[in-house]
Amino acid sequence: MNLSGTFAFAGPRATVWALLHDPTVLAKALPGTKTLTLAGPGRYEGAMKVSIGPLTAAEFAVVVTLSDETEPSHFAMQIDGKGGVGFARGGATVDLADDANGGTVMTYASDIQIGGRIAAVGQRLVESVGRMMMKQALDALNAELRTRMQAGS
Amino acid sequence: MKPAAFDYHRPTSRSEALALLADHGGDAKPLAGGQSLIPAMNFRLAMPAVLVDLNAITDLSYITRQGSDLRIGAMTRHRAVERSEDVRVAAPLVHEAMPFIAHVAIRTRGTIGGSLAHADPAAELPAVMIALDARIRVENVQGSREVPAADFFTGLFSTALESGELVTEIAIPAAQADGSRTGTAFEEFSRRHGDFALAGVAARVAVDGSGRCTLARIALFGVGDRPMLASTCARLLEGQTPSTDNIRAAAAAAARDDIDPTSDIHASSRYRRHLAGVLTRRALERAFARAHTEAVRP
């Protein structure tokens, strides 16, 4: 699955960068996240429960390792998720740039392999689920960003 | 290939079923024909704690003409809909779509309400109901409400159904009452018959006495997380006299602007988009041809 796109955040790059590195914020934003902790420098560990409509939630143990970090403009991630119904493994890059209105444009690209039972049965749905989760996460991060901006002003 | 343990109820009345769903809330799943739910349970992708089997409720299975509506009970089997003369006459689009739903054995068991409530993004009936402006009746212990098909499908396997609610009936309005003539057409492509559609389209158009298009409802499926109403496409058709060029441009707009298909091992996003354009053009050509030749109803 290749998920890529751009997203406009309504706030400055430094704040967006901080949000994207804050496990507490990420745990709230990423749909189905039960726990997410900073396990070491650039290494996040957590547990996610992904549910799609009527399908019973599938639990994954997730490890995300950040690399290639150039604050506040670029980082790469290695993503490794394992669960009873399958696995998700791959990489992603995130680039942040200022836009004209004081906001931040995020450009992301990812290539994630899905395997196991979930891929055998739900292959045709994987990308839709990925897109849906990405959209929910980015919208939630943007909402958190707005809250912080209002609190700060 | 065995499901996780679950409690099983087989109510014999609608009110009993609704009470069970209300009692168990999100833990309970209604069982209609079981052609999607049971495989999902056997793969343990779905593990409901409670099943409320609707198959012993006899008054949820019917096809009737009522006023200008065709009403179909939620537990009506696909096969009964497919073979119904009332459906063929009053809702030819439904009749045309039925053979594309899986295989005969599955249609013998699967139900119209089950298919709509399941909301598979590649399913035929959700798109057909949107194209027909059908209304979906849902009930819970407190009462009932009608949801327009266009508002019912909210995402991947997700609908406007709340916990404790059950789809009980589908109401399909009969042809336009304003004297305009209606034509419908259905197109779908899959590698093998009965597979999930790579792309498909349900189209309904109406033309007035001078041959101008007064209405175009085009719903695409298999190309998003839910059936997609092609509104850009419709805007290019409505108010115009349909022509080869006009239809071609509208179909191209549907593929370009109205959908954002995903890629999987079966087909790339680009291929699905191309397919959607071709199928939309074919469906529109046939729908308009049918509208032009349709006898004016008494």
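Predicted model: local features only at pLDDT ≥ 70, side-chain atom pairs only at ≥ 80, totals over all residues.
Select domains 2 and 3 of chain B. Domain 2 of chain B brings 24 residues to the contact, and domain 3 of chain B brings 21 residues. Now show the domain 2 side. Helix 5 (92-97), helix 8 (124-131) and strand 8 (153-155) of chain B each supply at least two residues there. Helix 8 of chain B gives the most, with 6 residues. By class, this side of domain 2 of chain B holds 18 nonpolar, 3 polar and 3 charged residues.

Next, select helix 11 (residues 244-257) of chain B and helix 12 (residues 269-293) of chain B. They pack at an angle of about 140 degrees, with axes 8 Å apart. The crossing is right-handed. The contact divides into 9 nonpolar, 3 polar and 4 charged residues.

Stay on helix 11 of chain B. At 1.5 Å a residue, its 14 residues should span 20 Å; the end C-alpha atoms are 20 Å apart, which agrees. Which of its residues are buried? They are B:Ile247, B:Ala250, B:Ala251, B:Ala253, B:Ala254 and B:Ala255. These buried residues pack against strand 13 (213-221), helix 10 (231-237) and helix 12 of chain B.

Finally, bring in chain A. The contact between the chains takes 19 residues from chain B and 17 residues from chain A. The chain B side has 11 nonpolar, 5 polar and 3 charged residues.

Terms used: Residues numbered from 1 in each chain as written. Chains lettered and ligands numbered in written order. Contact = placed C-beta atoms within 7 Å. Nonpolar A, V, L, I, M, F, W, Y, C, P; charged D, E, K, R; others polar. Axes fitted to C-alpha atoms, helices over the stretch in contact; angles between N-to-C directions. Helix = DSSP H or I, 4+ residues; strand = E, 2+ residues; numbered from the N terminus. Left-handed = near helix turned anticlockwise from the far one by under 90°. Expected span 1.5 Å × (residues − 1). Buried ≥ 20, exposed ≤ 12 C-beta atoms within 10 Å, placed from the backbone.
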